[in-house]
Amino acid sequence: LLGLEIHLDKPRNIVSITMKSRIRDLAALFPEAIKKPRSVPMPPTGYIVDPEDLDALPPAQSRFLNPAQHNVYMQIVGSLIWIQLLRMDIIFTTLYLSWFTHQPRQHHLQMAYHCISYLYSTIDIPLVLGGDPPISLDGASDASLATGPKRRSISASLARLHPSAGAISASATTTKSVCLSSFEAELDGLTNLLKKLYSLRNILKEIFPHFHDQGKISCDNQALVNYVNGESGILRGVRHIAIRQEFNKQKIKEGNFIVQHVPGVSIPTDKMTKLGNTAEHQHFQSQIQGLDLL
C-alpha cells in the first residue's frame, strides 16, 4: 500500500527501506524522462528562481505549460513529495519544483523529468536505519540567505537516532519573511529544529523511560553557536529575533542538547538548501540516507 520494501539485517542491527515499486511506477508513466541516466536530482544550472531570469530563457523553455501539461506537472510534484519522505536526497529539488505549481514553465517540467530520471538511475538507494546502540537523538540545521523566491531564505533541518544512520525526519522550507542576515536565517532554522527534536525526545522517553542521552546539534554558523552556548551577547533591535534567541538559549541551557560548529561542507543539511555537483551530492546522499551503515 505504501510502496515500501523493507529488509531487516539482524546481524548488523540495521533495516534498509526502499521505494522501488513507486519509482518504477512513476518512470513507467513518463518514459521520456528516463532516456538518460542522471547522477544528481537537478543540475545547479537549473536552479532559476527570479521571473526575469526565467523570462530570459529560450522560448522553448520559458513558455508556460498548457492546462494538460500543468496537470502532468502537478502529478509529478505530488509523487515526488511522497517519495521524498523516504528518498530525502531529493528534498531540495522537490521544494524548488513546488514553488512553481501555480504557473510552471517548460523549464520546470524538464527539471521534474530530470528528478524522475535521477530516482530511476539510483532506484536501489535505501534509507538505512539502526546501528549499534545506544540511541542518540542528534540533529543538524542550515540556511541559505536570500536564495528563495522573493529573496526569502531557505532553512533545513534533520534528525537521526545514530551518527551514521539515515534521517528519521528531514525538511526544507522557505522562511516566512525576508531575513536580513545569515544569523537570522540560521536562527530560524535552529528554532524549528529544536522544536522538532524536543517532540521526538518526548516520544522516545515514552518508549524508553530511561532515555537521557544528550544529543548533538550541528550548525555551520559560528556566531549562532557562540550565542546559544552563552559565549556572546544578544542582538537587540528586532523583537521576533530576540524571542527566538532567548528560546534557543533557554532550551540549550536545559542540557538535553549541545550545539557544535561543523563546517558547511561537512554538515548534511548543506545540500538541503542548495544544489551541488555529483561528488558533493553523493556525499550528502550517503549522510542523509545512512549509507555508511551498509
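Helix 4 (residues 67-83) has 17 residues and spans 24 Å from its first C-alpha to its last, close to the 24 Å expected at 1.5 Å a residue; the expected span is 1.5 Å times one less than the number of residues. Helices (H or I, at least four residues) and strands (E, at least two) are DSSP runs, numbered from the N terminus. The model is predicted: local features need pLDDT of at least 70, side-chain atom pairs count only at pLDDT 80 or more, and totals for chains, interfaces and linings use all residues. Residues are numbered from 1 along each chain as its sequence is written, and side-chain values use heavy atoms, with hydrogens and water left out.

The buried residues of helix 4 are Gln69, Tyr73, Ile76, Val77, Leu80 and Ile83. Buried means under 20% relative accessible area, exposed over 50%, and partly exposed in between (1.4 Å probe, protein chains only). Seen down the axis of helix 4, these buried residues fall within an arc of 120°, so they line one face of the helix; the arc is that of the directions from the helix axis to the C-beta atoms. Their cover includes helix 1 (20-29), helix 5 and helix 6, where contact means heavy atoms within 4.5 Å. On the other side of helix 4, Pro67, Ala68 and Asn71 are exposed.

Helix 5 (residues 91-98) leads on to the sheet: this helix lies across strand 5 (154-160) and strand 6, running at about 35° to strand 6. Axes are lines fitted to C-alpha atoms, for helices over the stretch in contact, and angles run from 0 to 180 degrees between N-to-C directions.

The sheet is open, with 5 strands in the order 6-5-4-7-8 and mixed pairing. Its edge strands are strand 6 (169-174) and strand 8 (257-261), each pairing on one side only. Two strands pair if DSSP finds at least two bridges between them. Strand 7 (residues 215-219) runs parallel to strand 8 and is joined to it by 5 bridges, with Gly215 opposite Phe257 in strand 8.

In the loop between strand 8 and helix 10 (278-289) is Ile267, which is buried with a relative accessible area of 3%. Beyond residues up to four places away in sequence, Ile267 touches Ala140, Ser141, Asp142, Ser218, Cys219, Asp220, Val262 and Gln287. Ile267 and Ala140 are 127 residues apart in sequence but 7.2 Å apart in space, C-alpha to C-alpha.

Thr122 sits in the loop between helix 6 (106-121) and strand 3 (127-130). Thr122 counts as buried because its relative accessibility is 15%.
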